[in-house]
Amino acid sequence: MSQAQSSDNVLGKVLIVDDEEHIRKIMSIMLGKRGYSCRTAASGAEALSAVERESFDVVFTDLNMPEMDGLGLLAKLRDVASDTLVIMVTAFASVDTAIKAMKEGAYDYIAKPFNEEEIVIVLEKALERGRLVNENKRLKKEIGLRSDASVFLGQSPAMTRVFDIIAKVAETKATVLITGESGTGKELAARSIHQNGPRSDKPFVAVNCGAIPQNLMESEFFGYVKGAFTGADKAKVGLVAEADGGTLFLDEVSELPLEMQVKLLRVLQEEEVKRVGENVPRKVDLRVVAATNKDLSEEVAQGRFREDLYYRLNVVRLKMPPLRERREDIPVLASHFLALAVKKNQLAPKKLSPAAIRLMCAQTFGGNVRALKNVLEQAAIMSDGAVIGPEDLPFGVDADPFIVQHAEGGDDLVLRLPKDWTDLKMALKNVTQLTEREIIGRVLAEQSGNRTRSAEILGLSRRALITKIGLYSLDGPDPRSLPEATKA
Ligand SMILES: Nc1ncnc2c1ncn2[C@@H]1O[C@H](COP(=O)(O)OP(=O)(O)OP(=O)(O)O)[C@@H](O)[C@H]1O
Ligand SMILES: [Mg+2]
């Protein structure tokens, strides 16, 4: 596989199988001096054990060998190393057999006696083919994700910090533990770390640790050899080996059963993985990113998560901020998700009214960005006109501590005070769509102009409130007549 080739920084990894020593020597000297990495094996059995230890891009095998011949080896290789390309080396007399070998899956053949040029041409063609196959596989996997999932938005200071950390850490191989509530973009962050780093052209393998049945875990993670257990009628690579050279993303990592945690830790420490039914481990080169919405240190304290694995994962910590702590990101996210929903459902173009945006900005969004995305998709489908207004949004009056309603007989929204409203600073932090002036105006309106009560609610002294009322010219006969700027 070409994965091996680039992680070792050589042109390609080649295994030369021949029972004649001088052929092995000549070939490895020829190829070695041109920058290919060569190993040799004197028999089919030796070749198989080499393939168990490491992966090769190309195997050159002699056709006529005692015990296991080239065809026998080819059949075995197709089970244990299906990505490795096999080239038959054969005497003139057996060209027919070589052609038969190609029918059975050999990539090409060369006839003895061969010259250096011939070998290199065949080898280069094979390597190029391997690269294309791998690239193709990777692209197919990613196509579904690209369009939607790689857009990573945010302008808030909290998200700017997240992007900074991602940019720094992407360059390195450091393990990253991403924490954060459900729907905050943990998976998106993991993909972004991969995409912005030197491994971006290698696989990103996401594993949902909570979704694999316990009895399948080991074989899913580590793979197995053909015949390792009943039903294993074909070899399987395993997720860890699939991520070789790229990034292994352990999503919902807290869900790993303890015994699996031990095994995974060993793999991460040794950078070696052993398939089920195999005795010799193979090297893997992994960048690990893990994510959890649980407090892992608490899981450790409760004995549900191994401390050693926790320390192995928690090298760089990235906390995804909940949406309610970065409400200034809501407008841009909302427009993005609306456009996506319109496209996905082939609707006529729609936009959000300012009042709708303001209503969204006042929500807490327990399900974070994912919840916002769902709201927009629902509104896009359910709304009739080209403009989505507050009435198209599914927010009940009890849904949120910041309760916003239409003022009677008007378009303007009135902020009703939440039960746990503490002070003005908190309000400003959470409702970034409203200015201090708007908030004070609204509280005064709520309290029918009662300054003592309003000051209490806002967490200001009465004196400070009066100063601000003066500052913002909020002292009208009717505090409900809010200035133009607060209207939708
Ligand atoms: N900053 C963002 N910009 C654009 N889209 C985002 C952003 N954050 C999250 N999303 C989108 O929201 C959805 C949820 O994100 P993601 O799956 O990464 O969250 P998560 O933290 O892994 O959630 P969970 O804990 O439920 O697994 C995805 O569709 C993702 O594309
Ligand atoms: Mg996730």
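An open sheet is built from 5 strands in the order S7-S8-S11-S6-S12, with parallel pairing. Strands pair if DSSP finds at least two bridges between them; strands (E, at least two residues) and helices (H or I, at least four) are DSSP runs numbered from the N terminus. S7 and S12 are the edge strands, each with a single partner strand, so one side of each lacks a neighbour in the sheet. On average, neighbouring strands of this sheet are turned by 20° against each other, direction ignored.

The model is predicted: local features need pLDDT of at least 70, side-chain atom pairs count only at pLDDT 80 or more, and totals for chains, interfaces and linings use all residues. Residues are numbered from 1 along each chain as its sequence is written, while chains are lettered from A and ligands numbered from 1 in the order in which they are written.

| Element | Residues |
|---|---|
| Strand S6 | 176–179 |
| Strand S7 | 204–208 |
| Strand S8 | 247–251 |
| Strand S11 | 287–292 |
| Strand S12 | 316–319 |

S8 and S11 run parallel and are joined by 4 bridges. Phe-249 stands opposite Val-289 in S11. Helix H8 (residues 186–195) packs on the sheet and touches S6, S7, S8, S11 and S12; contact means C-beta atoms, placed from the backbone, within 7 Å. The direction of H8 makes about 170° with that of S11, where angles run from 0 to 180 degrees between N-to-C directions and axes are lines fitted to C-alpha atoms, for helices over the stretch in contact.

Methods
Contact = placed C-beta atoms within 7 Å.
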